[in-house]
Amino acid sequence: MGKNEVFFVNQNKIVFAKDGEILSDVCDRAGYPLDLVCGGKGTCGKCKVTIEVDEKQSEVLACLTEVNRNISVYLIKNDIKKDAKILSNGIKLKEYRGCISKKDFEIDKYKVKHCGNYFDQIKIDDNTDISLGNLMKFSNLIKKTNDITVIYENNEVLDVREKTSDLDLYGAAVDIGTTTVVMFLYNITNFELMGVYSATNGQTSVGADVISRILYASNDDGLKQLNDKIIKTINQLIDKAEETHKGVVGNLYKMILCGNSTMQQLFLNLNPENLGTSPFLSVTQDLVKGNARELNIKGNKNMKFEFLPLLGGFVGGDTVSVLASLGDTKENKLVIDLGTNGELAIGKPGKYLVASTACGPALEGAGISCGMRGTEGAIERFKILDDEIKIDVIGNSQPTGICGSGIVDIISELLDHNFIDRTGKLLDKEEYIAKQGRTKLADNLMEIDGIKSFLINRDGNKTVYINQKDIRQIQLAKSAIVSGCKILIKESGLREEEISEIVLSGAFGNYINIKNAVNIGLLPNIKDIPIESIGNGAGLGVQKYLLSKETRSLVNKIKENSQHIELSMNREFQNEYISNMHFE
Ligand code: FES
């Protein structure tokens with residue numbers, strides 16, 4: 001390829017790079033993708049690696065470093081991006097009411113009415129439709145055999161095949177998250193969940209959040225690259241399914257997808273540019289149906305896909321899916337879907353008010369000094385007991401950072417033990433001792449990298465801490481969410497006692513300690529209203545849509561009866577945002 005040799009010392013691997021090639025791209029190509037949290041803008045520092053040039057070692061940001069001569073790269077395990085803990089709960093319905101069906105026929109060529117036709121024999125009702133391609137296939141098939149199987153999508157003939165005993169048909173429900181993609185594979189002949197497959201969204205290599213993806217899409221060829229990446233991720237999941245269940249690809253006839261507004265545009269190869277700035281416009285917010293072939297998705301060549309509709313602005317098909325997962329409830333609920341973005345809804349299917357709130361990626365560990373995704377080495381639980389720190393680390397390994405649930409615990413505990421005051425100020429050691437007396441943990445208050453910090457753990461040469469800047473980031477995020485909730489409650493006209501439940505959806509919501517989240521003001525504190533975490537609500541809803549007719553009607557009802565509120569234009573939201581910044 002080029003002439004510069006790049007030696008990955010710890011992996012014992014050499015690849016070659018063209019002059020000027022960016023080091024993070026070289027790492028990616030070599031099979032060692034880095035976690036480019038800021039999308040390679042040089043602002044997050046998460047791609048820092050040690051390199052050696054002319055026997056001199058230095059630390060560089062891989063996303064900004066051009067390779068112009070031979071170098072050695074010292075990558076350690078934690079530098080390389082790992083798949084995060086992914087929520088992937090499947091469902092089991094008692095009855096399949098999907099839109100794909102099959103029927104076996106024995107065509108009797110001699111029983112056809114005089115001057116009649118064959119197609120009438122495979123119609124399931126008066127409106128049965130067939131494409132010319134399938135009609136030609138049917139015509140060729142009945143020359144060879146009388147025994148055929150017809151596959152229908154509702155009353156349209158989707159495929160005509162020679163009858164084989166035990167033909168299994170498959171359908172997939174796919175939740176495209178900004179960070180992770182989860183695919184639920186069903187045998188839609190007997191509605192059995194065959195497997196759940198997940199992977200990091202290939203687009204994360206160009207940025208962690210939707211705004212960086214939108215910006216990237218505006219570059220030459222950027223949209224095509226992002227579209228290719230998500231299609232590649234989905235095809236990898238289908239390949240994984242094929243490895244465990246031979247024949248899936250040829251018999252996959254239906255795919256239902258959901259995702260936020262940006263994911264919808266990028267999956268459909270639609271320009272998302274106008275979604276990035278006010279007034280936040282999408283090319284379409286309708287349910288989009290099509291032939292999966294047009295998007296190069298693997299499966300039967302007649303496979304159809306549907307992408308769930310959007311509700312407005314950044315409130316996309318993933319929120320529709322979460323709301324659909326709750327069923328056609330008569331009770332009013334406040335729904336909070338926490339992921340890379342925060343989506344909120346209040347009401348019930350006949351009338352939902354929805355909004356999105358830019359809480360930033362801090363709750364996922366991005367933009368936090370020692371923040372990381374929920375992967376091995378992340379502190380996921382934190383408690384102060386008898387003046388001692390107790391932590392749980394994912395994978396029971398040496399702590400290398402803090403993920404979202406750990407951050408919530410840390411802030412809550414530091415507040416309760418008076419290391420942080422209600423304004424969010426982290427006390428310095430002297431101030432703390434003057435107020436609380438000398439405790440063992442007083443020494444953990446220290447300056448790290450010139451910023452007031454609280455030391456969480458020091459192990460060998462790895463120091464994990466939280467600092468004043470991190471606390472401010474969390475204050476911004478929690479205020480955005482709780483202020484959005486307050487505005488929605490107000491605009492809905494519902495009294496607090498008319499809300500039956502607060503529902504928390506999404507990976508982050510599933511792992512946080514709800515009590516601590518309420519304590520730091522991340523979730524609204526409404527007396528006597530239960531808070532329930534439902535896990536991956538978007539994943540649940542999209543499966544139900546694949547499998548049940550009722551959910552398909554419910555999605556229409558939600559789409560037709562929801563109203564979107566743009567919070568950034570709402571003056572009261574700005575006031576709430578400022579007043580909710582402090583810890584209560
Ligand atoms: S600084 Fe390189 S990815 Fe953020």
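Modeller: Helices and strands are DSSP runs, numbered from the N terminus. Please keep in mind that this is a predicted model.

Biologist: How many helices and strands are there in the chain?

Modeller: The chain holds 15 helices and 29 strands.

Biologist: What does the radius of gyration say about the chain?

Modeller: A compact globule of 584 residues would come out near 25 Å, and the chain has 27 Å, so the two agree. Along the principal axes, the C-alpha atoms fill a box of roughly 100 × 70 × 45 Å.

Biologist: And burial: what percentage of the residues in the chain are buried?

Modeller: Buried residues account for 53% of the 584.

Biologist: Does Ser282 count as buried or exposed?

Modeller: Buried means under 20% relative accessible area. Ser282 has 17% relative accessibility, so Ser282 counts as buried.

Biologist: Which residues is Ser282 in contact with, leaving aside its neighbours within four places in sequence?

Modeller: Ser261, Gln265, Leu275, Leu310 and Gly313 are its contacts on that basis. For the chain as a whole, take the contacts with a separation of 6 or more: 64% of them join residues 24 or more positions apart.

Biologist: Last one, on charge: how many positive and negative side chains does the chain have?

Modeller: There are 70 positive and 78 negative side chains, and the centres of these two sets lie 2 Å apart.

Technical notes:
Residues numbered from 1 in each chain as written. Predicted model: local features only at pLDDT ≥ 70, side-chain atom pairs only at ≥ 80, totals over all residues. Heavy atoms only, no water. Helix = DSSP H or I, 4+ residues; strand = E, 2+ residues; numbered from the N terminus. Rg over C-alpha atoms; globule rule 2.2 N^0.38 Å. Buried < 20%, exposed > 50% of the residue type's maximum accessible area, 1.4 Å probe, protein only. Contact = heavy atoms within 4.5 Å. Lys, Arg positive; Asp, Glu negative; His and termini not counted. Charge placed at Lys NZ, Arg CZ, Asp CG, Glu CD.
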